[in-house]
Amino acid sequence: MNIELSLEALEYGRLAQRALEAAGGDQLVQRAERDPGRRADIMAPVFAELGAWELNPRGDADDLEAAAALCRAAGYWGLGYPVAERLARPADLAADGLVVIAAERPAAAVSGLGLRWTAVTLDGRRSMAVAGDPYGPPRTAAFTAPLDLEPLDDAGAADVALGLVLPCWTLLGMLDRAVDLARGHVLVREQFGQRLSAFQGVQFQLTDAEVERGGVEVLAKYALWSVQAGLPEALDDALALRMAALEAAEVTFRVAHQLHGAIGFCDELPLSWLSRYSQPLRRLPLGLSATRAALASGLGRRGLTGLFSA
Amino acid sequence: MGPRAAALRTELRQLVKEHVPPDFMGAFTDDPADLAIAQRFCRVLADEGLLCLAWPEEFGGRGASAWEQTVVREEMWAHHEPRGAQYMGVNWVGPTIMRHGTPRQQREHLPRIARGEVIWCQGFSEPDAGSDLASLRTAARPDGDGWRVHGQKIWTSYATMAQWCFLLARTAKGEKKQQGLTIFLVPMSAPGIEVRPIPCMMGPHHLNEVYFDGVRVTEADVLGTLDQGWQVVQEVLAFERVGIARYARCERLLLAAPAVLGDQWETLPGELRGRWARMLTHCRRARLLAYRVISMQSEGRVSPGDTAAYRIAVTRLDQESAEVLMEILGLASPSGLDRPDGRWFRLEAEDHWRYSQASTVASGSIEMQRILLARALLKAPS
């Protein structure tokens, strides 16, 4: 396993991040929130330009890495659009995307897009899914809606790992941005006659966030490799990544908000948007405690594959 | 890591199995037999050409890759460092003497380190110079054709058993406190050296005070350039940049727990098994962060921020995993812990907990790592 994405994937990620910035950057989700009915139209041109839906992450290892890089770029700008879920679409069904769902109260942030969805539970039960009415306006529901399911089969076990890993790359992009925003703020904001960045109490909070963010980065690459290699423990690796990413999100967003102070809650700053639109990724299909419980249950007594696993 | 590293791991595990008893908890106990085990194991490694694997071939090493060195670090730490204090000689005393030592110093010290015959201690920290090492006060004052050293070192591991000290002392007053420092290679048998052990929770030999009362040193004992010792210290710290592979022991102990508990494992609170799974994830996280640093270093890239982030992650892992292991131990049935594997697990987990308390303090405190990471974060272009 390489510890970093390929140079080509990294370059594609940089290209995607620039293209998304040129298409509106932080404004994209703000426009979608103002006009939820046009969410698909707002996002469509830039994804067409990037050839996003032509990527074949299930069939091509390079495309899988490019897909991860694209998810990360989308997360950086907090698009509030199911990029990872569309990239995870199943190969054998006429569906536009795949969402991993909990066994109870299936839901996903896919409302109002008019796309065909496949849903899969952690134990591999697949359904065709139709998004119902969103739980509320985008401002509070972040495009999340209950899913009406039409059961299909039990053949989705191999889909779950990819369906969990790619959204974690989106969340990683959000953590990248949250750390960048916090860092940028403390470098310019002055209190008591000096920049916030001069206070060790501020510095140490920033390092807490960065250690968490960096940890997600390496685990995300590992889990992607596990999917790529078709390892039997790919689901364990995906759940381990998700658990670490959710913990990291708690720390990183808490630090970013704290270091911004009151201005961080204001919609004139991107943090307010990023923080709100991270919610569906952090709560669905399973929140932190449920993810940890699922990981522990899946690991049983054998543990994660590592230096001393049997 | 590649096939050579994998073969090396297998070889090391076999040697540990053959030469290190399963209840070995490190060389630094009250039982002299443990030190003898470590000394014998070092000779075995030396005979196999594995003790100084990373050294250049001209000094008796194999010129091993960074990944092979990583395997050695992982396997040795996972098995309670059966090289004893030799890791210091092998990892940084020897390499520093290779770079800065005179031919006479190299002849005198390197073969003995390579054979695992000598123990070194590090005379750096002082009562008023810990993280702020350059504030040290131990001074070497001119005396005839040499110097007399006066001062006190503290927290000096292995000083009770060491034959040599890698001593940092002030020889001049510079404009900056980092100037005017010199490294001396001093035999611990020199008149005027007194070692006082400090009883501590980690066990014997870990912490000592070393007093220097007019200890005679000469130009022949100077390592590198007079008054330029700080540069050598920076190199020493760079050799230890990735540090101990703490994640390896954490993972080995965590993975041993279910077998020790047997059927009782499934009856543990779900929340505790969740924390166990979390710790295994953090073991992987720390290992991958270490590999990223090693990968960058082997490409000639230096990233102090990534290194500091790894060290913060791994030292926290050490302490948090120790808490989880102790909690598992507390719930284990006495009958399970009466079996040999149960007894060893209890000893290991308890030793790990005590030792882990120092992991965020030793070899560069977590606060220093945070300062380094913050510096890198706040200086790097956005």
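Two strands pair if DSSP finds at least two bridges between them. Helices (H or I, at least four residues) and strands (E, at least two) are DSSP runs, numbered from the N terminus. By that rule, strand E3 (residues 117-121) of chain A and strand E4 (residues 126-131) of chain A pair in the antiparallel sense over 4 bridges.

This is a predicted model, in which local features need pLDDT of at least 70, side-chain atom pairs count only at pLDDT 80 or more, and totals for chains, interfaces and linings use all residues. Residues are numbered from 1 along each chain as its sequence is written, while chains are lettered from A and ligands numbered from 1 in the order in which they are written.

## Chain A: a sheet and its helix

Start with the sheet. In chain A, 5 strands form an open sheet with mixed pairing, in the order E1-E3-E4-E5-E2. Strand E1 (97-101) and strand E2 (107-108) of chain A stand at the edges; each has a single partner strand, so one side of each is left without a neighbour in the sheet.

Two residues count as in contact if their C-beta atoms, placed from the backbone, lie within 7 Å.

The contact is made by Met174(A), Arg177(A), Ala178(A) and Leu181(A) of H7(A), and by Pro270(A), Leu271(A) and Leu274(A) of H10(A). These residues divide into 6 nonpolar, no polar and 1 charged. For these classes, Ala, Val, Leu, Ile, Met, Phe, Trp, Tyr, Cys and Pro count as nonpolar, Asp, Glu, Lys and Arg as charged, and the others, Gly among them, as polar.

One peptide bond in chain A deserves a look. A cis bond joins Leu284(A) and Pro285(A), with omega about 0°. Pro285(A) is found in the loop between helix H11 (279-283) and helix H12 (288-299) of chain A.

## Helix pairs

Axes are lines fitted to C-alpha atoms, for helices over the stretch in contact, and angles run from 0 to 180 degrees between N-to-C directions.

| Helix pair | Angle | Axis distance |
|---|---|---|
| H3(B) and H7(B) | about 50° | 7 Å |
| H8(B) and H9(B) | about 155° | 9 Å |

H8(B) is therefore roughly antiparallel to H9(B). Angles under 35 degrees count as roughly parallel, over 145 as roughly antiparallel, 65 to 115 as roughly perpendicular and the rest as oblique.

Handedness comes next. A crossing is left-handed if the near helix is turned anticlockwise from the far one by less than a right angle, and right-handed if clockwise. The crossing of H7(A) and H10(A) is left-handed. H3(B) and H7(B) cross in the right-handed sense. H8(B) passes H9(B) in a left-handed crossing. By class, the contact of H8(B) with H9(B) has 16 nonpolar, 3 polar and 6 charged residues.

In the H3(B) and H7(B) pair, Glu74(B), Trp77(B) and Ala78(B) of H3(B) meet Arg246(B), Ala248(B), Arg249(B) and Arg252(B) of H7(B). That contact holds 3 nonpolar, no polar and 4 charged residues.

## Chain B: domains and a hairpin

The domain assignment of chain B gives domain 1 (3-118), domain 2 (121-236) and domain 3 (241-379). Such bounds come from an automatic or database domain assignment. The C-alpha centres of domain 1 and domain 2 of chain B lie 24 Å apart. Here 15 residues of domain 1 of chain B are in contact with 16 residues of domain 2 of chain B. Helix H4 (residues 86-100) of chain B gives the most to the domain 1 side, with 7 residues. That side divides into 8 nonpolar, 5 polar and 2 charged residues.

Strand E2 (residues 139-143) and strand E3 (residues 146-154) of chain B pair in the antiparallel sense over 5 bridges. Asp143(B) has Gly146(B) in E3(B) as its bridge partner. E2(B) and E3(B) form a hairpin with 2 residues between them, and Gly144(B) in the turn has a positive phi of about 65°.

## Where the chains meet

In all, 33 residues of chain B are in contact with 32 residues of chain A. H8(B) gives the most to the chain B side, with 16 residues. By class, that side has 19 nonpolar, 5 polar and 9 charged residues.
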